[in-house]
Amino acid sequence: MQVSQLSIYPIKSCGAIACQKATVTPNGLAGDRQLMLVNAQGQFMTQRDYPQMAQIRVKLDSDTLTLEHEKLDPFILQLTLEGDLLPVKVWHTQTLAIDQGDSAAQWLQTVLQLDRPCRLVHQSPHHPRPVHPQYATSPNDTVSFADGYPILLTNTASLADLNHRLRDTYPQNPPQFPMNRFRPNIVIETHQPFIEDNWKILTIGSVELQLVKPCSRCIITTTDQTTGERNPQREPLKTLSSFRQQPGGLMFGSNIIPKTLGQIQVGDLITIKN
């Protein structure tokens, strides 16, 4: 088994950046979900409510962020850790984040055709966000603006199995989904679907990672990550519900907390240490 893809999502729920190598930090892969959009109340914004966020492309170069959309000129933002601190909320956790200014907020509001203001915020290094204590491996486990855990891992055989089931369900015109519907950080190449359900600890190179819980999937998986359009049959959730319903939701992939830090890259071999 080996790593077949690595991805980061600099802005939560916006476009991905494919990586050949990545640095594992306590919060997850470096550069992943360090930024997010919030509404006027500081509540996090995602494709669950704004599927058009999928159409925002992101480029990250050191501390410069470039936002692109087919309907507007690119916006280049010099990221800052010196802006105003805003109270923000991600699910049940509250923290303070660093506002990235009026120009970025206006560009995003225009692109997303919002009738209410939004803000782009950066995670503050001085205000860490804890992992859910039920699944934390230590009291010091932290996470970026990801939903709950530092790293999400998926498996190529699981996607192949899901697409095979879709061909059986829709023999005339089966939808076939790419892995980007599941927005993983690490994709591993295997021949056994959902084999990660049985893993506890894996190593990639010299980095040790602990699998803490399966990942419950939501409506974002029904959103085309190029067009922002929803699947009219609510696929792949509908098919996942036929065989991946578990306590806590429809599961695809695993949430991970790093035990050691370091660099990983595409092609690295994977060792299981259960």
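Colleague: Which backbone oxygen does the side chain of arginine 129 reach at 3.0 Å?

Modeller: In this predicted model, the side chain of arginine 129 reaches the backbone oxygen of aspartate 147 at 3.0 Å. A polar atom of the arginine 129 side chain also lies 2.6 Å from the backbone oxygen of alanine 146. Arginine 129 itself belongs to strand 13.

Colleague: Is arginine 129 buried or exposed, and how far away is the nearest side chain of opposite charge?

Modeller: Side chains of opposite charge can pair when their charged atoms come close. Arginine 129 is buried yet has no salt bridge. The nearest side chain of opposite charge is that of aspartate 147, 6.3 Å away, and a salt bridge is counted within 4 Å.

Colleague: With which side chain does aspartate 147 meet arginine 48 in the sense of pairing, and what is the N to O distance?

Modeller: The side chains of aspartate 147 and arginine 48 form a salt bridge with an N to O distance of 2.5 Å. Arginine 48 sits in the loop between strand 6 and strand 7, and aspartate 147 in the loop between strand 14 and strand 15, so the pair ties together parts that are 99 residues apart in sequence. Aspartate 147 is partly exposed, at 33% relative accessible area. A network of salt bridges links Lys12, Arg48 and Asp147.

Colleague: How many salt bridges are there by this rule?

Modeller: The count comes to nine. One of them joins arginine 165 and aspartate 161 at 2.8 Å, N to O; these residues are four apart in helix 2, about one helical turn. Arginine 165 is partly exposed, with a relative accessible area of 32%, whereas aspartate 161 is buried at 18%. Glutamate 208 also forms a salt bridge, with lysine 273, the closest N and O atoms being 2.7 Å apart. That pair links distant parts of the chain, 65 residues apart: glutamate 208 in strand 18 and lysine 273 in the segment after strand 22.

Colleague: How is the largest pocket to be read, and which residues are closest to its centre?

Modeller: Rolling a probe the size of a water molecule over the atoms shows where empty space is left. Here the largest pocket holds about 900 Å³ of space. It is lined by 39 residues, and those closest to its centre are Arg48, Trp91, Asp147, Gly148 and Tyr149. By class the lining comprises 19 nonpolar, eleven polar and nine charged residues.

Colleague: Which strand gives the most to the lining of the largest pocket?

Modeller: Strand 18 does, with four residues.

Key. Residues are numbered from 1 along each chain as its sequence is written. This is a predicted model: local features need pLDDT of at least 70, side-chain atom pairs count only at pLDDT 80 or more; totals for chains, interfaces and linings use all residues. Side-chain values use heavy atoms; hydrogens and water are left out. On a 1 Å grid over the protein atoms alone, a cavity is a set of points where a 1.4 Å probe fits but cannot get out, and a pocket is an open set with protein on both sides within 12 Å along at least five of seven lines; lining residues have an atom within 4 Å of a point. Grid points are joined across faces, edges and corners, and a volume is the space filled by probe spheres set on the points. Helices (H or I, at least four residues) and strands (E, at least two) are DSSP runs, numbered from the N terminus. Ala, Val, Leu, Ile, Met, Phe, Trp, Tyr, Cys and Pro count as nonpolar, Asp, Glu, Lys and Arg as charged, and the others, Gly among them, as polar. Buried means under 20% relative accessible area, exposed over 50%, partly exposed in between (1.4 Å probe, protein chains only). Lys and Arg count as positive and Asp and Glu as negative; His and the chain ends are not counted. A polar contact is a pair of N or O atoms within 3.5 Å; within protein, one must be able to donate a hydrogen and the other to accept it, and residues adjacent in sequence count only if both atoms are side-chain atoms.
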